[in-house]
Amino acid sequence: MSRTIEKSVVSVPTEEGLGVIVNRSIGRPELEHTLFDPFLLLDEFKAKEPAGFPDHPHRGFETVTYVLSGATTHEDFLGNEGTLHAGDLQWMTAGSGIVHSEMPKGKAAAHGLQLWVNLSKEHKMTEPHYQNLRGKNIPKVSKDGVTVKVIAGESMGVKSPVRTRTPTLYLDFKLEKGAKLKQAVPVGWTAFAYVLSGKGYFGPPSKQVIGQAHTTLVLSDGEYFQTENKDSKVCHFVLIAGEPIKEPLVWDGGFVMNTEEETKQAWIDYTKGKNGFENAPKWNSKIGLEYLEDTK
């Protein structure tokens, strides 16, 4: 059975970090979280120096940063640092706690997507972990006018090397004019498409919904997803799906836990430097300090 479009959501410009305006699709207060479980947030960002995301904490979930153009630097309180360039991916498991900074690098704007994936109670306090993939190492295949980059999961016979604690499918598609797509999606998984550019006709032929740039299309349940490009321009979108966690959720800033007591404890741990946040009180990122110098 083909998945149909249950809801179409246009992204809303939202200020985040310091001076960054993101196009936010999911993660807005007016959208019920259960509609997107296990996903918490999806932002399309365009950040240019000196704006960015200086030092900030996370606990209880994963952030997935996928750079489409430009470059962004990353640094955390465990000593991890590096630069993501166009096409690169960082799958960061915050787990028990991470304090990090994310800043654009160079004169060009850093353009990309950041997805937040919830973790089950079993994994919320796991040790922080990174999976970094250069664009050249993300599996890519093209056939009949359809090109896919397999960020997580499987498509067109190729699999991603990324390990996901919350079972996740994350695919970057480009469809040429006249191209059609039929992609398997596990039954029972939450799924949505986010259009980056162009225009696509989403859903089965009898129930197609047009999706344009900065639009999220929420899919019904089913065995597979269909879309086609009837336009002259390439349709570029991501398809994201995941197995719902179906647990209580309390979200406070950069902390996503199961109870209010756990989020309160996260703040205490962060401010007092305990239970995974031992380095927090005495740490400042180099790139964050550079930002403060630039804005004086």
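Predicted model: local features only at pLDDT ≥ 70, side-chain atom pairs only at ≥ 80, totals over all residues.
Local features are given here where pLDDT is at least 70 and side-chain atom pairs only at pLDDT 80 or more, whereas totals for chains, interfaces and linings take in all residues. Residues are numbered from 1 along each chain as its sequence is written, and side-chain values rest on heavy atoms, with hydrogens and water left out.

Start with the loop between strand E16 (158–159) and strand E17 (168–175), where Arg 165 is found; strands (E, at least two residues) are DSSP runs, numbered from the N terminus. Arg 165 counts as buried because its relative accessible area is 16%, the cut-offs being under 20% for buried, over 50% for exposed and partly exposed in between (1.4 Å probe, protein chains only). Its side chain makes a polar contact with the side chain of Thr 93 at 3.2 Å. Such a contact is a pair of N or O atoms within 3.5 Å; within protein, one must be able to donate a hydrogen and the other to accept it, and residues adjacent in sequence count only if both atoms are side-chain atoms. Setting aside neighbours within four places in sequence, Arg 165 is in contact (heavy atoms within 4.5 Å) with Glu 62, Thr 93, Leu 119, His 123, Thr 126 and His 129.

Thr 166 belongs to the loop between E16 and E17 as well. With a relative accessible area of 4%, Thr 166 is buried too. Its side chain reaches the backbone oxygen of Asn 118 at 2.7 Å. Beyond four places in sequence, the residues in contact with Thr 166 include Pro 38, Val 117, Leu 119 and Ile 245.

Next comes the sheet. It is open and antiparallel, with four strands in the order E18-E23-E20-E21; strands pair if DSSP finds at least two bridges between them. Strand E18 (180–184) and strand E21 (209–212) sit at the edges, each pairing on one side only. Strand E20 (residues 199–202) and E21 are joined in the antiparallel sense by four bridges, and Gly 200 stands opposite Gly 211 in E21.

As for the rings, the structure holds 16 aromatic pairs, a pair being rings of Phe, Tyr or Trp (its six-membered ring) with centres within 6.5 Å. One aromatic cluster is made up of Phe 77, Phe 255, Trp 267, Tyr 270, Phe 277 and Trp 283. Lysines turn up over rings as well: Lys 182 lies over the face of Tyr 224, at 4.2 Å from the ring centre, and the charged end of Lys 230 sits over the ring of Tyr 201, 4.5 Å from its centre. Here a charge sits over a ring if NZ of Lys or CZ of Arg is within 6 Å of the ring centre and within 35 degrees of the ring normal.

Terms used. Phe/Tyr/Trp six-rings, centres within 6.5 Å; stacked < 30°, edge-to-face > 60°.
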